[in-house]
Amino acid sequence: MDKIIVKGGTGLNGQIPISGAKNACLTLMPAALLSEEPLTLTNAPSLSDIRTMTQLLESLGCEVASLQGGRVLAIGTERISNHKADYDIVRKMRASILVLGPMLARDGEAVVSLPGGCAIGARPVDIHLTGLEALGAELDLRDGYVHAKATGGLKGAVYTMPFASVGATENLLMAATLAKGTTVLKNVAREPEIVDLAKCLRAMGANIEGEGTETLTIEGVDKLHGATHQVVTDRIELGTYMIAPMITNGEVELLGGRRDLVESFSQKLEAAGAEITQTDTGLRVKRVSERIQPVDVVTEVHPGFPTDLQAQMMALLTLADGTSVLEERIFENRFMHAPELQRMGANIEVHGGTATVHGVSKLKGAPVMATDLRASISLILAGLAAEGETVVSRVYHLDRGYEHVVRKLSGVGANIERVPENQ
Ligand code: UD1
């Protein structure tokens with residue numbers, strides 16, 4: 001397994017291109033199951049999670065062509081030849097559950113392995129399942145699989161989600177496009193990735209209103225057709241790299257960045273001492289306060305502060321001039337980066353879902369271990385500011401969600417390299 005070595009202390013300056021959103025792409029790809037005609041996605045990121053979804057779709061009978069180095073994905077699903085999403089693939093990635101709604105909607109049958117827990121929390125799929133039942137699906141849970149049937153097709157219904165789950169909203173939205181009649185989904189998630197999915201489904205012929213609000217209204221159609229859709233910018237990669245000039249006291253432009261994708265995060269970054277400017281080509285970020293200022297953060301569903309940027313924000317606040325309190329409300333176990341940051345000299349106390357970060361004047365490089373995707377990048381950000389060398393192991397977590405991390409950061413002057421584990 002490879003590791004990443006970062007030598008800190010250089011102020012980063014220049015431009016970082018931001019890729020297409022992993023989380024958008026992971027829901028757009030299964031949307032291809034809804035139509036016999038091909039769906040072409042442009043601006044796709046080249047990541048291991050995308051390759052896992054490709055493998056899953058291929059196992060169901062899709063033909064997936066990865067073109068231009070993975071930038072363009074052309075997915076054809078003339079026929080779903082296998083309706084079973086196997087445990088061996090699903091266990092690798094929770095987003096695999098997103099094939100359930102589309103397969104059921106198109107063919108009235110699907111068998112999908114339950115994804116199980118993951119490092120950051122139990123993450124059940126109960127909302128996906130009760131929502132599909134509301135649309136008339138008959139579900140049976142046995143041998144670790146959901147066996148779903150909708151004889152005669154799904155039927156439009158009114159369903160109120162008990163919690164605005166991102167994945168459940170996506171699954172139900174896709175399913176409802178081919179249901180008979182009108183579906184009204186209430187208390188849905190409003191993340192930009194859902195808006196992007198609605199836009200793609202509309203290009204495929206779906207009849208959808210209300211994306212980006214708490215209620216989605218979908219008028220079912222008989223068939224969807226092919227389309228070409230450009231994947232929205234990755235707001236989590238954008239937010240992550242907005243921290244890089246802040247923590248190193250540099251100035252970086254994030255190419256393709258849009259403030260509206262990261263509004264609540266930007267407000268916190270400004271409170272911490274950032275100046276953020278929207279340019280014609282992206283977002284420019286520089287630190288204007290001498291020390292990083294402490295800020296309190298509560299993670300919430302969109303448009304609140306994203307849980308996927310909590311670890312990176314914590315890395316920044318370890319160096320603040322005072323105490324910050326971070327409250328994690330989306331996942332029950334998402335502070336695994338805290339003990340690793342402490343190995344670098346951070347002063348953090350964790351009690352349940354709250355982390356109190358007492359700022360220190362400097363961090364020191366150390367060997368640290370990546371525990372999940374966002375935790376891994378937070379250690380790299382900390383390493384960029386730390387004195388000496390930080391060695392991050394288990395970087396396969398990073399490969400799931402950050403494209404060309406070494407190239408992008410060394411392009412703005414970071415001293416960072418990737419080496420095989422045994423070196
Ligand atoms: C998506 C994102 C992930 C992000 C998360 C929250 C993808 C591929 N992943 O994950 O990066 O961190 O949104 O912004 O887009 N829950 C239930 N029952 C359910 C579904 C969810 O209890 O049926 C709970 C989960 O355990 C979790 C919370 O709801 O505590 C949020 O989950 P959800 O919004 O569904 O996140 P994902 O779609 O899994």
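**Chat about the model**

Q: What does E327 count as, going by relative accessibility?
A: E327 counts as partly exposed, at 29% relative accessibility. The cut-offs, with a 1.4 Å probe and protein chains only, are under 20% relative accessible area for buried, over 50% for exposed, and partly exposed in between.

Q: Before we go on, what kind of model is this, and what's left out?
A: It's a predicted model, where local features need pLDDT of at least 70 and side-chain atom pairs count only at pLDDT 80 or more, while totals for chains, interfaces and linings use all residues. Residues are numbered from 1 along each chain as its sequence is written, and side-chain values use heavy atoms, with hydrogens and water left out.

Q: OK. Which residue does E327 meet in a salt bridge?
A: The side chain of E327 pairs with that of R329, at 2.8 Å from N to O. R329 counts as partly exposed, at 49% relative accessibility. A salt bridge here is a side-chain nitrogen of Lys or Arg within 4 Å of a carboxyl oxygen of Asp or Glu.

Q: How many salt bridges does that rule give?
A: The count comes to 22. One of them joins the side chains of R235 and E193, at 2.8 Å from N to O. That pair links distant parts of the chain, with R235 in helix α8 and E193 in helix α7 (residues 192-203), 42 residues apart. For reference, helices (H or I, at least four residues) and strands (E, at least two) are DSSP runs numbered from the N terminus.

Q: Are R235 and E193 buried or exposed?
A: Both R235 and E193 are buried.

Q: What about E340, which residue does it pair with?
A: E340 forms a salt bridge with R343, at 4.0 Å from N to O. The two are three residues apart in helix α11 (residues 337-343), so about one helical turn separates them. E340 counts as buried at 14% relative accessibility, whereas R343 counts as partly exposed at 47%.

Q: Which residues are linked in a salt-bridge network?
A: D2, D399 and R418 are linked that way.

Q: Switching topic. What are the domains?
A: Domain 1 covers 2-19 + 234-420, and domain 2 covers 22-230. The bounds come from an automatic or database domain assignment.

Q: How far apart are their centres?
A: Taken over C-alpha atoms, the centres of domain 1 and domain 2 are 31 Å apart. The contact (heavy atoms within 4.5 Å) takes 23 residues from domain 1 and 21 residues from domain 2.

Q: How much area is buried between domain 1 and domain 2?
A: About 1,800 Å², with carbon and sulfur atoms giving 52% of that. Buried area means the accessible area (1.4 Å probe) that two parts lose on being put together, summed over both. In domain 1, H302, R400 and E403 lose the most area to domain 2, together 33% of what that side buries.

Q: Now T240, where is that?
A: T240 sits in helix α8 (residues 235-248). T240 is buried, with a relative accessible area of 0%. Its side chain makes a polar contact of 2.8 Å with Y402. Setting aside residues up to four places away in sequence, T240 touches L309, Q312, I377, L381 and Y402.

Q: Last one: is Q230 buried or exposed?
A: Q230, in strand β14 (residues 227-230), counts as exposed at 53% relative accessibility. Leaving aside neighbours within four places in sequence, Q230 is in contact with T42, N43 and D196.

Terms used
A polar contact is a pair of N or O atoms within 3.5 Å; within protein, one must be able to donate a hydrogen and the other to accept it, and residues adjacent in sequence count only if both atoms are side-chain atoms.
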